[in-house]
Amino acid sequence: MWRNAGFGERAWAFSVWLFTGFFLLNLFALIAAVVVDSFGTHWFATWLPAGFTTRWYAMVWNEFGLAPLLIVTAEVVAAVTVLAGLIGVPAAYAMARREFPGKRAALLLFLLPLLVPPFTYGIPLATVLYRAHLAGTIGGVILANLVPTVPFVILIMMPFIDQIDPRIEAAARVFGARTPRLFARILIPLFAPGILSALLLVLVRTIGMFELTFLTAGPSSQTLVVALYYAVFAAGVRPAQSIDAMAVVYMGTTLVWLLVTLRFVNPAQIVGRTGP
Amino acid sequence: MNSAAPLPETAAPRAVARAAPLRTRLRARGLDGVTLLALPAVLFVLALFVYPFLYGLYLSFAPAKGGALANYARFFSQPFLYDTIATTLLLAVPVTIVNVAAAVPVALRVRLMRHQRLLTTVLVIPITLGTVLVAEGLLTYLGPRGWVNRLLLDFGLSDRPIRLLHNYWGVFLSLVISGFPFTFLLVLSYVTGIDPSLENAAAILGARARARFARILLPLLVPGLAITLALSFVQAFSVFPSAVLVGAPAGATRVIAIAAYQAAFEQYDYSMASAIAMLMAAVQLLIVVALLMLRGLVYRGPAATGKG
Amino acid sequence: MALASRDFRALRLDAIGRAFGAVQALREVTLTVERGEFVALLGPSGCGKSTALNCIAGLLALTEGSIWLDDRRIDPLGPEDRGFAMVFQNYALFPHMNVRRNVGFGLVSQRRPKAEIARRVEEALALVRLGPQADNLPGQLSGGQQQRVAIARAIVVEPPLVLMDEPLSNLDAKLRLEMRAEIRRIHNLLGCATIYVTHDQDEALSLADRIVVMRDGAVRQVGPPEELYARPAHPDVADFMGYRNLVRTLVHPAPGGVAVTVAGAELLGTPVAAATNGAAIVAIRPEDLTPSADAPIVAVVASAEYRGRDFAGVARAADGTELYFRAETRVRPGEAIRLGAPAARVLVYAAT
């Protein structure tokens, strides 16, 4: 852009790119190390393992109980995604379309669970769920995961709904559409792209949500990421390669959905920014 | 067309018209069926976020034994407990500064790129994978038999494997790997929000790169940077999985989240756990408020000198 | 079911009002619209005309007053139960439906039989000459075509009342004139009642049977276009109807009417609303203020622009009064002229 950049400026640009490259290199190497190790037989003082095998995956499947784990993860993620949409989208619609007393307070209420880190409110939340005998159950895990995701859906959907002309809905009303028909024929088709993005983001975030699931799950309601934590935590009990195989399974699950999501949304929205 | 005299415009049923029904009056204030759609979400957040917080606050003042302040007194009298605040700050503050200091120059460069999408997509990966996976990756990558130590040994940069795990640096690196992309994406979204013609205008008026950054970009970035610092800090301050997995959870990286977790799930002392969680929230709140106040101070400065 | 019946005599607004918090956007509006009538709500932006239209449609709740369709009170009903039709400023077509489904939307809401819907949609599309575009999406149409879809969607339900919210404001000048004729043609054909909101006095004058001039949320004057044009009842209305020369002065009785002093000269005028003596406001259209050798007002041309048929000029009198006038021959800045207007075209209002 600035063609007549001086030496200092070019040196600065070079060092910025050098840093970025170094960061990305380490990031890839870190992921590659996990993948390579998960397929390795033995790996001692060499650059690559002595041989390659898939037996660690078989071990994960058999010994970790991967199948039930995947089922629980799918159940939690599906329930959180659907419920966050059902609670969040109508609320976002009301927030975007109506001025009412207390609206600013409601907005603050929805911002807080996104600003406060999960571990901070996770402990009191887990305490309340224990008192309600919900902790340790799948229901408890789902409820806990809805705390940040419902506001997330609202804050993603509000600007999306805002940019759709309310006169289109006014026209539908004037031409005789009652609320059910308004939703079925006008609002849901118009909001579909926004709802799709928001729900995919919720899905990806819920697969990766460690803290809340960790604090509220019991042995039978763990998701993949929590099981991975326990496996790493109890390192030494199992061969390191099997833990890496488990990590690859988790990574694969997450990245497939991340790729699907990135077809529809801007990467910046993953960190919760709702801008363009 | 119809040019007949209009009907008399006096209306008989005026008395009826005066008493507007309650529904109409509510509708005029914006309260109708549509507004009610926000109610489930509001109730949900009240029940599962606000209520637990308030309950935790109450619980922290109701210990199993001792007076209302017993938990807090115990926390601040045992180094084992109160040291966690300093330990956590010692991790969170440097990590936040490093992440933001690295993210700003990179974001300012990436802003000029036409194909940002690939880079942002790649950087989203560690955020999505989360700290547990990053910790597991570090264990393999930085371990004594990992590639980093292989490189150091093979090139003779070190004669024995260096220790990067199960200490302060393991947690530090894990917080950079998951925190830098997060900080970068936030800063990038603020940077791209600045109208590029402002910088062009400054360049035409003779401002060099450093002056453009100091006098145009930085003042406009300050509000966003304050929020970025705040969010990066609270994330780093609540670090848990990597402090356990790649740190020294009984020593150098015994962070406050570990203390809270142990109180709740190892000693089953929910009252104490709540007290620690409240202290955690209090420290975070304190730092965030301080940052936002600082922003207020800094932000007024450039606006005044900008005229000179 | 909706009230979609054409057999009504009149829509009556009874002292309707709407407040937004402390701001009174609409106050005490009372008006009767008869079947077949074309009524224009005219006024500058922010005068409450769109608020009034939205209240009639049911999109905004009233805070005072009531709305009646003959002897049925309709203001508690939602927009979907009133059976009216509306043409929106930016058309508000459903972007995900093709033209045919957009037009048929109201009939589907009324649960009409499929065959009837298909037939009536075809008829409506033929009426607005859009048959070939029936399967296009709104995004594929030009502004004028979208406008026609919006009109077809409104008339296909055969509503008792069609509401139009500045429907021509997004079109270019030429298309606007065409669509203006089109709207009147369709109105005459269908015989429903139309309420048309606009800030363009030309549009209101050429389309409406009756014009309602609004200002500050209240009705200032109601009357047929000729009356508003020739005899605005209030200086505000005069200002809006193109009386650019508004001069504060004194009035006194004179043989055959009243006399006023304008820029140091005496003019004969016509009193409106019993303004015969004392402080007054004089309103004269530029078209009526023309130069002639024996005219009373002495002034110097300040500027003049050629307008094709004539010249539009501004002249300044010795006392500083600026006057807008028209001349058939070229006048040059600095030239001294004498201006005058016929007594019938010099309107005199009591100053308030």
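A salt bridge is a side-chain nitrogen of Lys or Arg within 4 Å of a carboxyl oxygen of Asp or Glu. The exercises below apply to a predicted model.

**Exercise 1.** Characterise the interface of chain A and chain B by its extent, its polar pairs and its salt bridges.

*Solution.* 
Step 1. Express the extent as an area. The size of an interface is often given as the accessible area lost when the parts come together. For chain A and chain B the buried area is about 8,000 Å², with 80% of that given by carbon and sulfur atoms.
Step 2. Count polar contacts: 10 residue pairs between chain A and chain B qualify, both residues being at pLDDT 80 or more.

**Exercise 2.** Determine which element of chain A supplies the largest share of the side that touches chain B, and classify the residues of that side.

*Solution.* 
Step 1. Helix α1 (residues 7–38) of chain A supplies the largest share, 20 residues.
Step 2. The side of chain A that touches chain B comprises 76 nonpolar, 8 polar and 8 charged residues.

**Exercise 3.** Describe the open sheet of 5 strands in chain C, from its strand order to its edges and a bridge.

*Solution.* 
Step 1. The strand order in chain C is β15-β19-β16-β17-β18, with antiparallel pairing.
Step 2. β15 (290–291) and β18 (322–327) of chain C are the edge strands, each pairing on one side only.
Step 3. β15(C) pairs with β19 (residues 336–340) of chain C through 2 bridges, in the antiparallel sense.
Step 4. For C:T290, the bridge partner in β19(C) is C:G340.

How values were computed. Residues numbered from 1 in each chain as written. Chains lettered and ligands numbered in written order. Predicted model: local features only at pLDDT ≥ 70, side-chain atom pairs only at ≥ 80, totals over all residues. Heavy atoms only, no water. Contact = heavy atoms within 4.5 Å. Buried area = accessible area lost by both parts, 1.4 Å probe. Polar contact = N/O pair within 3.5 Å; in protein donor to acceptor, adjacent residues only side chain to side chain. Helix = DSSP H or I, 4+ residues; strand = E, 2+ residues; numbered from the N terminus. Nonpolar A, V, L, I, M, F, W, Y, C, P; charged D, E, K, R; others polar. Pairing = 2+ DSSP bridges.
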